[in-house]
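Here's a quick briefing to read alongside the structure. Keep the 3D view open as you go through the points.

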Amino acid sequence: MEKISLKICTGTMCYVMGGAELRAMLELLPDDFMKRLSVSYSPCMGLCGDVGEPPYIQVNGKTISGVSKSNLMQILKEALNDAV
Ligand code: FES
């Protein structure tokens, strides 16, 4: 089964703007969901001050800005559905 690559920026800007919550949220997800993810963290994606809004994540290499706890699950579910 193909895994979804999820990278979360945990640089200072992204961390204080919600990256910390995203990271904590992953720890609460069920194991069978986490098995489908390949999670990594970035000390900074180099996008600070860019037009987007932190925190930044990358899903299968696609950069997404302004991610919150409420839309992270939707983003991941869509990525999992696309991988099927
Ligand atoms: S801290 Fe997230 S892009 Fe720099």
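Predicted model: local features only at pLDDT ≥ 70, side-chain atom pairs only at ≥ 80, totals over all residues.

Of the chain's 84 residues, 37% are buried.

**Overall layout**

- The protein chain has three helices and four strands, and going from the N terminus they come in the order β-α-α-β-β-β-α.
- The radius of gyration is 12 Å, close to the 12 Å that the globule rule gives for 84 residues, so the chain is as compact as a globular protein of that length.
- Along its principal axes, the C-alpha trace spans about 35 × 25 × 20 Å.
- If you take the contacts between residues at least 6 apart in sequence, 68% of them join residues at least 24 apart.
- As for charge, there are 8 positive and 9 negative ones, and their mean positions sit 5 Å from each other.

**The cores**

- In soluble globular proteins, nonpolar side chains tend to be buried together.
- Here, the largest nonpolar core has 19 residues, and the ones touching the most other members are Leu6, Phe33, Ile57, Val59, Val67 and Leu72.
- Which elements give two or more residues to this core? They are β1 (4-9), α1 (12-26), β3 (57-59) and α3 (69-83).
- The biggest share comes from α3, which gives six residues.
- There's also a second, separate core of five residues, with Cys14, Met45, Leu47 and Tyr56 among them.

**Ile57 and Val59**

- Ile57 is part of strand β3.
- Is Ile57 buried or exposed? Its relative accessibility is 0%, so Ile57 counts as buried.
- Leaving out residues up to four places away in sequence, Ile57 touches Leu6, Lys7, Ile8, Leu22, Met45, Lys62, Thr63, Ile64, Val67, Leu72 and Ile75.
- From Ile57 to Glu21 is 36 residues in sequence, and their C-alpha atoms are 13 Å apart in space.
- Val59 has its own set of contacts, again not counting residues up to four places away: Ile4, Ser5, Leu6, Ile64, Ile75 and Ala79.

**Cys9**

- You'll find Cys9 in strand β1, and with a relative accessibility of 2% Cys9 counts as buried.
- Beyond residues up to four places away in sequence, Cys9 touches Cys14, Gly19, Ser42, Cys44, Met45 and Tyr56.
- Cys9 and Leu47 are 38 residues apart along the chain, with 9.7 Å between their C-alpha atoms.

- As background, most residues other than glycine have a negative phi, and most peptide bonds are trans.
- The peptide bond from Pro54 to Pro55 is cis, with omega near 0°.
- Pro55 belongs to the loop between β2 (37-42) and β3.
- Asn60 isn't a glycine, yet its phi is positive, at about 50°.
- Where does Asn60 sit? Asn60 is in the loop between β3 and β4 (62-64).
- Asn60 is partly exposed, since its relative accessible area of 45% falls between the 20% and 50% cut-offs.

Notes:
Residues numbered from 1 in each chain as written. Heavy atoms only, no water. Rg over C-alpha atoms; globule rule 2.2 N^0.38 Å. Buried < 20%, exposed > 50% of the residue type's maximum accessible area, 1.4 Å probe, protein only. Contact = heavy atoms within 4.5 Å. Lys, Arg positive; Asp, Glu negative; His and termini not counted. Charge placed at Lys NZ, Arg CZ, Asp CG, Glu CD. Core = buried A, V, L, I, M, F, W, Y, C linked by side-chain atoms within 4.5 Å.
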